[in-house]
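Me: I have a model open and would like to talk through its overall build before turning to details. Could you take me through it?

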Amino acid sequence: MHVLPAASTTALTRYYLVEVDSALQEAITSLVHTWRVELAHPLGAGTPAAPPADILLDHDLPEMLQALNGTGGKRIRPSMAYCGWVAAGGRREDRGASEVVRAGAALELLHIFALIHDDVMDESDSRRGQPSVHTLAAQLHLHAGARGDARHFGESIAVLVGDLAHAEADHLVTELPRPMREIWRLLVVELVHGQSRDLTGSASGRRDLDHARRVARMKSGRYTVQRPLELGAAAAGAPVEVRDALLEYGEEVGEAFALRDDLLGVWGDPRSTGKPAGDDLISGKPTVILALADERLQGSARRLLRRVGTPELSPADVTLLQSALAEQGVVEAVEARIGCHVRAACSALDGVGLDPSGVSGLTGMAHLIAWRDR
């Protein structure tokens with residue numbers, strides 16, 4: 001089981017995350033059975049000749065999905081859904097309890113989908129300290145001496161693993177009440193929209209702050225914090241004023257989450273993040289950091305900035321840019337923004353009749369999200 005760090009995990013979320021992990025394992029086990037047993041013996045099929053050894057061996061698509069689920073995810077999204085549910089008055093004996101567990105498992109599967117596809121689009125070789133799915137599949141292709149291009153094979157397999165995760169997430173959501181399904185649809189569309197703006201922004205070299213913040217809100221903030229909160233509130237049958245307060249909190253914490261992601265994408269320790277140092281500089285993501293860099297960097301550092309997101313950017317250039325950005329106060333500026341968003345988020349929880357234990361959980365989550373190291 002993989003949950004939030006022990007220091008930040010309270011009785012409020014601990015038992016719930018155990019139930020989410022159980023629902024996830026049940027869904028993936030069912031998928032493995034369908035893949036390995038039901039699809040292996042179609043009705044009316046005779047006994048086939050022995051086929052060549054499968055290139056993927058025991059790393060077939062469901063097993064890749066299962067492996068990624070077990071590599072230490074933080075479970076932020078289901079935790080936000082649960083805290084929103086409790087803050088809106090949800091209780092373990094309520095009907096919505098099973099629905100918020102189901103939503104939490106679906107959120108984790110959708111997150112796996114997003115991580116796998118994101119690694120393909122960013123050409124990231126690692127994820128959570130392990131080879132990314134497309135890298136592993138390419139290595140298996142090379143080891144087997146298989147036909148065709150190993151890289152293309154790996155990316156194609158990764159797309160399919162991500163598709164499986166998305167399909168299983170949608171399958172879990174089909175049994176949720178209609179208001180929760182409508183929130184889910186919006187969450188997925190926002191996630192894809194944000195990713196598309198991220199790609200087009202990188203390709204066109206966007207450096208403006210408005211674009212960077214919009215991408216962060218759509219791709220990270222709403223999908224990680226705001227919509228999961230809304231799912232929890234819907235499961236609890238929250239009134240409009242409670243939902244509005246949670247959405248305001250979610251908007252602020254979502255911004256803090258995205259900004260911390262930006263900092264980790266430039267200065268994060270690979271031993272904690274599982275990603276290469278300076279990854280966002282290498283890929284040229286249109287982040288708030290690059291928008292601030294465009295405003296502040298001059299001279300040789302500005303010339304280096306033009307190489308960001310291009311093959312001309314060398315590892316030495318990344319190190320020089322990291323230093324130049326720090327010297328120009330970019331880290332302090334982003335940290336100050338994070339602090340402002342956390343304070344605004346906590347203020348949004350005051351005076352609207354939220355459950356005190358839920359408010360405590362949301363306050364703790366805001367600080368965990370804003371000042372995490374991975």
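**Overall build**

Me: What does the secondary structure of the chain come to?

Reply: The chain has 16 helices and two strands, where helices (H or I, at least four residues) and strands (E, at least two) are DSSP runs numbered from the N terminus. This is a predicted model, in which local features need pLDDT of at least 70 and side-chain atom pairs count only at pLDDT 80 or more, while totals for chains, interfaces and linings use all residues. Residues are numbered from 1 along each chain as its sequence is written, and side-chain values use heavy atoms, with hydrogens and water left out.

Me: How much of the chain is buried?

Reply: Buried residues account for 52% of the 374, with buried meaning under 20% relative accessible area, exposed over 50% and partly exposed in between (1.4 Å probe, protein chains only).

Me: Switching to pockets, what volume does the second largest pocket have?

Reply: Its volume is about 300 Å³, counted as the space filled by probe spheres set on grid points that are joined across faces, edges and corners. A pocket here is an open set of points on a 1 Å grid over the protein atoms alone, where a 1.4 Å probe fits, with protein on both sides within 12 Å along at least five of seven lines, and lining residues have an atom within 4 Å of a point.

Me: Which lining residues are closest to its centre?

Reply: Of the 17 residues that line the second largest pocket, those are M121, D122, E123, I282 and S283. The largest share of the lining, four residues, comes from α7, and α4 (96-122), α7 (178-204) and α11 (279-283) each supply at least two.

Me: Where is E123 found, and what is its phi?

Reply: E123 is found in the loop between α4 and β1 (126-127), and its phi is near 55°, a positive value in a residue other than glycine.

Me: What about L57, then: buried, partly exposed or exposed?

Reply: L57 counts as partly exposed, because its relative accessibility is 47%. L57 lies in the loop between α1 (11-38) and α2 (61-69), and the phi of L57 is near 55°, a positive value in a residue other than glycine.
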